[in-house]
Amino acid sequence: MSDQRKGGIAWTDHTWNPIRGCSRVSAGCENCYAEQVARRWSGPGQPYEGLVRLDKDGKSKAQWNGRVKFIAEHLTDPLRWTRPRTVFVNSMSDLFHDNVSFSEIAAIFGVMAASPRHTFQVLTKRPARARAFFEWVAAQDAGLDGTAGRLHCVFEALRAEVGEELHREHCADPDGPWPLPNVWLGVSVEDQKNANQRIPHLLACPAAVRWVSYEPALGPVDFRHIDADSAGHEWGQIDSLTGRNTDMGRPWHDAPGKLDWIVIGGESGTGARPFDLAWARSVLSQARKAGTACFVKQLGANATDPPNGLCGAATVVPDHAEAIISKRLKDRKGGDMDEWPENLRVREWPGVTK
Ligand code: SF4
C-alpha cells in the first residue's frame, strides 16, 4: 500500500518491502506514488523490472501490471535491526494482494512474530483477503491449541523460506501471544463506499491494533455509520469507532472490535484531488467522542476550506480560489503543522490496549 511521499511518511520510521508490485483496486490508487517510483526503477536489472506496464514503444508507464514479486533477500531484514523501529510493511505493494500466497504472507508474519522489539504497521486495500488469510492460519493449527497453532503456522512458513538455522535462532518462543501485539492491521479508505466495504472485514480480523488510513481522503466518511449492508455484508449498521451495532433491527454479527487509530490526509502530487478540511474536522470530532486516536498527516496539494463547508454536505467542493488553502502553504504536501488551522493540529498514537 502506498501512502509514501517524498520526504518520508510522518507516521512511521521505516519501510520494509518483502513484496514488490501491485495493481489498482479503487479510486484511491489513481495517483499511486509507488507506481511512480516503480516506473523510475523498472529498467533492465532494476528492482521493479517486469512489474509495470509498457507503452507501445516499450517504455515503462507509471502503472502496475499486476505482477507481484516476493523478495526473499529482504524477508529477514527486521531480524537484523537491533534498535526498535516502527515499520510500515510494504509501502511498494499490498501484503494481501491476490498474487501473494498465504505461505508467503505467513512467512512475513513469522518475521514480525520473531521481531517483537519492532512495531509493524500493515495497511491494505484488500481486507477480505486479509480475513481469508487469518482463517487459513487458524485452520493450519497442526493439532495445537489456538495461539500456539497460529504461531506454529507462521514460524513453519518462515522456516520454509529461511532454513533451519535462522529459524532456530529466531523462533524460539512458540508460546507468544496471538494476535501479535506488535502488528497494527489497517485498511485504506478514501470515501464512505470503501469504508462500508473494507471496515467490516478489518473488524473481523484478529489484530492488537486496528487502524484506518483515510488518505487520500476523496469524500466525507462517517465512521459511526458503516453501512455494511450496502457493501454486501450481513452486518447491518456498525459504529466502527465503538464496535456497537447502530441498527438493531437488522441481522448482524457482533463486530468483534473497534478502530484504535485513524490517519487523515489529503492527496499530494500532480493532479491531487480536492480535500475539504471539513471532512477532516468531522472525523476528528467523531473520533474524539469515541476515544479513538487520530493523526492528521498532511493537508495535501489541493486542500479547500470553504467558509461554510459542512461535512456530509460537502461532496461538491466550491471552486472559488480563496477556499483552496494549499495555494497558501509553503510545504507542497501540506505536511507542515505550523501552517495548518489550529484545530487540525492533531497527532496522536494508538494505545496498545487490547
Ligand atoms: S493498493 Fe496501494 S500500492 Fe497498490 S495500486 Fe493501490 S495505492 Fe498503489
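The structure is a predicted model in which local features require pLDDT of at least 70 and side-chain atom pairs count only at pLDDT 80 or more, while totals for chains, interfaces and linings use all residues. Residues are numbered from 1 along each chain as its sequence is written, and side-chain values use heavy atoms, with hydrogens and water left out.

The chain contains nine helices and 16 strands; helices (H or I, at least four residues) and strands (E, at least two) are DSSP runs, numbered from the N terminus. Of the 354 residues in the chain, 54% are buried, where buried denotes under 20% relative accessible area, exposed over 50%, and partly exposed the range in between (1.4 Å probe, protein chains only). The chain exposes about 15300 Å², of which carbon and sulfur atoms supply 48%; accessible areas come from the Shrake-Rupley method with a 1.4 Å probe, and for residues only the protein chains shown count as cover. Among the contacts in the chain with a separation of 6 or more, 74% involve residues 24 or more positions apart, a contact being defined by heavy atoms within 4.5 Å.

An open sheet of seven strands has the order E1-E6-E7-E8-E9-E13-E15, with parallel pairing; two strands pair if DSSP finds at least two bridges between them. Its edges are formed by strand E1 (14–16) and E15, each of which pairs on one side only. From one strand to the next, the twist averages 25°. Within this sheet, strand E8 (residues 183–188) and strand E9 (residues 209–214) run parallel and are joined by five bridges, and Val187 stands opposite Val212 in E9. Strand E13 (residues 261–265) likewise pairs with E15 in the parallel sense, over five bridges. In this pair, Ile262 stands opposite Cys294 in E15. Although E15 pairs on one side only, six of the six residues of this strand (residues 293–298) are buried, so E15 is largely enclosed by the rest of the structure. In a regular strand, side chains alternate between the two faces of the sheet.

A further open sheet consists of three strands in the order E10-E11-E12, and its pairing is antiparallel. Strand E10 (226–227) and strand E12 (244–245) are at the edges with a single partner strand each, so one side of each is left without a neighbour in the sheet. Strand E11 (residues 237–239) is joined to E12 by two bridges, the two strands running antiparallel. Asp239 stands opposite Arg244 in E12.

Helix H4 (residues 102–113) takes part in packing against both strands and helices. H4 lies across E1, strand E6 (86–89), strand E7 (119–124) and E8, and runs at about 140° to E1. Axes are lines fitted to C-alpha atoms, for helices over the stretch in contact, and angles run from 0 to 180 degrees between N-to-C directions.

The axes of H4 and helix H6 (residues 146–162) come within 7 Å and cross at roughly 105°. The two helices are therefore roughly perpendicular to each other; angles under 35 degrees count as roughly parallel, over 145 as roughly antiparallel, 65 to 115 as roughly perpendicular and the rest as oblique. The residues of H4 in this contact include Phe109 and Val111, which belong to a set that meets residues of H6 including Leu151, Val154 and Phe155. By class, the contact of H4 with H6 comprises ten nonpolar, two polar and two charged residues. Here Ala, Val, Leu, Ile, Met, Phe, Trp, Tyr, Cys and Pro count as nonpolar, Asp, Glu, Lys and Arg as charged, and the others, Gly among them, as polar.

H4 also packs with helix H5 (residues 127–139), at an angle of about 80° and with the axes 11 Å apart, which makes H4 roughly perpendicular to H5. Phe102, Ser103, Ile105, Ala106 and Phe109 in H4 meet Arg129, Ala132, Phe133, Phe134 and Trp136 in H5. This contact of H4 with H5 divides into eight nonpolar residues, one polar and one charged.

Val37 is placed in H1 (residues 33–40) and counts as buried, at 13% relative accessibility. Val37 and Ala62, 25 residues apart in sequence, are 8.1 Å apart in space, C-alpha to C-alpha. Tyr48 lies in the loop between H1 and strand E3 (52–54) and is buried, with a relative accessible area of 8%. Leaving aside neighbours within four places in sequence, Tyr48 is in contact with Arg20, Ala38, Trp41, Ser42, Trp64 and Met92.
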